[in-house]
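Subject: A structure for you to look at

Hello,

Here is the structure I promised to pass on. Please open it beside this message and follow along.

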Amino acid sequence: MGRLTEQQRARNEAAIRAAMERLLSGTLPAGGRCDLNTLAREAGVPRTGFYPKGNRRGTYQDLSEEFIRRRDQQLANQHRADPRDAQISRLTTENRHLRDRLADQASDLDELRQFRDLAISRLAAQHNEIRSLRAAVEAGDSLGRLRPAPRPPHG
């Protein structure tokens with residue numbers, strides 16, 4: 001590609017600045033991010049102009065540095081130009097919350113299983129005791145009668 005005229009360069013810089021403002025305000029194209037690739041695509045300029053070439057600065061390197069600085073400043077101030085960043089943050093928090101709930105439910109389930117096992121064990125022991133008492137009655141063993149529990153005095 002040949003050298004740019006001053007007029008072409010000024011037109012490209014204006015397009016880059018306009019695209020920069022759109023991206024930093026959160027107006028992102030479908031599938032785009034708040035990054036240099038999207039900035040170049042939106043401005044209609046090659047992204048190679050944002051990077052140094054050998055020992056000299058890229059044609060639009062000052063604009064790319066400004067864009068990155070402003071984007072990083074927005075992130076530091078908790079303002080996200082890219083709505084996907086906010087979505088990622090929200091989903092990460094939701095994921096953490098759901099993992100905590102899952103761990104709590106797993107703990108509750110373990111406690112309920114232990115309770116069930118203990119209850120079944122006690123029921124089995126009581127059933128065996130009832131069967132042995134019935135067998136003793138059928139065999140004619142003398143089992144002492146239980147006296148009724150004393151009633152508490154009224155008063």
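A word on terms before we start: by contact I mean heavy atoms within 4.5 Å. Please also keep in mind that this is a predicted model.

**Confidence and overall layout**

The mean pLDDT of the chain is 86, and 90% of the residues score at least 70. Helix 1 (residues 6-24) has the highest confidence, at 92, while helix 3 (residues 61-76) has the lowest, at a mean of 88. Where pLDDT is low, the predicted coordinates should not be read in detail.

The chain has 4 helices and 0 strands, so from the N terminus the order of elements is α-α-α-α. Of the 155 residues in the chain, 17% are buried. Taking the contacts between residues at least 6 apart in sequence, 52% join residues at least 24 apart.

Helix 1 is built from 19 residues and spans 26 Å from its first C-alpha to its last, close to the expected 27 Å. Its buried residues are Asn12, Ile16, Ala19, Met20, Leu23 and Leu24. Looking down the axis of helix 1, you will find these buried residues within an arc of 120°, so they line one face of the helix. They pack against helix 2 (36-43) and helix 3. Gly26 follows helix 1 and has a positive phi, near 100°.

Helix 3 has 16 residues and covers 22 Å between its first and last C-alpha, close to the 22 Å expected. Gln61, Leu63, Ser64, Glu66, Phe67 and Gln74 are buried in helix 3, and the buried residues of this helix pack against helix 1 and helix 2. Just after helix 3 comes Gln78, with a positive phi of about 65°.

**The nonpolar core**

Which residues have the most contacts inside the largest nonpolar core? They are Ile16, Met20, Leu39, Val45, Phe50, Tyr60 and Phe67, in a core of 15 residues. Helix 1, helix 2 and helix 3 are the elements that give two or more residues to this core, and helix 1 gives the most, with 5 residues.

Two residues are worth a click here. Leaving out neighbours within four places in sequence, Ile16 is in contact with Leu39, Ala43, Val45, Phe50, Tyr60 and Leu63. The other is Leu36, which is found in helix 2. Leu36 has a relative accessible area of 11% and is therefore buried, since buried means under 20%. Not counting residues up to four places away in sequence, Leu36 touches Phe50, Tyr51, Ser64, Phe67 and Ile68.

**Salt bridges**

Side chains of opposite charge can pair when their charged atoms come close. The structure holds 9 salt bridges, and I have picked out a few for you.

Glu66 forms a salt bridge with Arg17, and their closest N and O atoms are 3.0 Å apart. This pair links distant parts of the chain, with Glu66 in helix 3 and Arg17 in helix 1, 49 residues apart. Are these two partners buried or exposed? Glu66 is buried, with a relative accessible area of 19%, whereas Arg17 is partly exposed at 39%.

Another salt bridge joins Arg57 and Glu65, whose closest N and O atoms are 2.9 Å apart. Arg57 is partly exposed, with a relative accessible area of 47%, and Glu65 is also partly exposed, at 38%.

Arg71 and Asp72 meet through their side chains in a salt bridge of 3.5 Å, N to O. Arg71 has a relative accessibility of 21% and counts as partly exposed, and Asp72 is partly exposed as well, at 37%. Elsewhere, salt bridges that share partners join Arg17, Glu21, Glu66 and Arg70 into one network.

If you have time for one view, start with the helix 1 face that holds the buried residues, and then turn to the salt bridge between Glu66 and Arg17.

Happy browsing, and best wishes

Technical notes. Residues are numbered from 1 along each chain as its sequence is written. This is a predicted model: local features need pLDDT of at least 70, side-chain atom pairs count only at pLDDT 80 or more; totals for chains, interfaces and linings use all residues. Side-chain values use heavy atoms; hydrogens and water are left out. pLDDT is the predictor's confidence in each residue, from 0 to 100. The expected span of a helix is 1.5 Å times one less than its number of residues. Buried means under 20% relative accessible area, exposed over 50%, partly exposed in between (1.4 Å probe, protein chains only). The arc is that of the directions from the helix axis to the C-beta atoms. A salt bridge is a side-chain nitrogen of Lys or Arg within 4 Å of a carboxyl oxygen of Asp or Glu. A nonpolar core is a set of buried Ala, Val, Leu, Ile, Met, Phe, Trp, Tyr and Cys residues joined through side-chain atoms within 4.5 Å.
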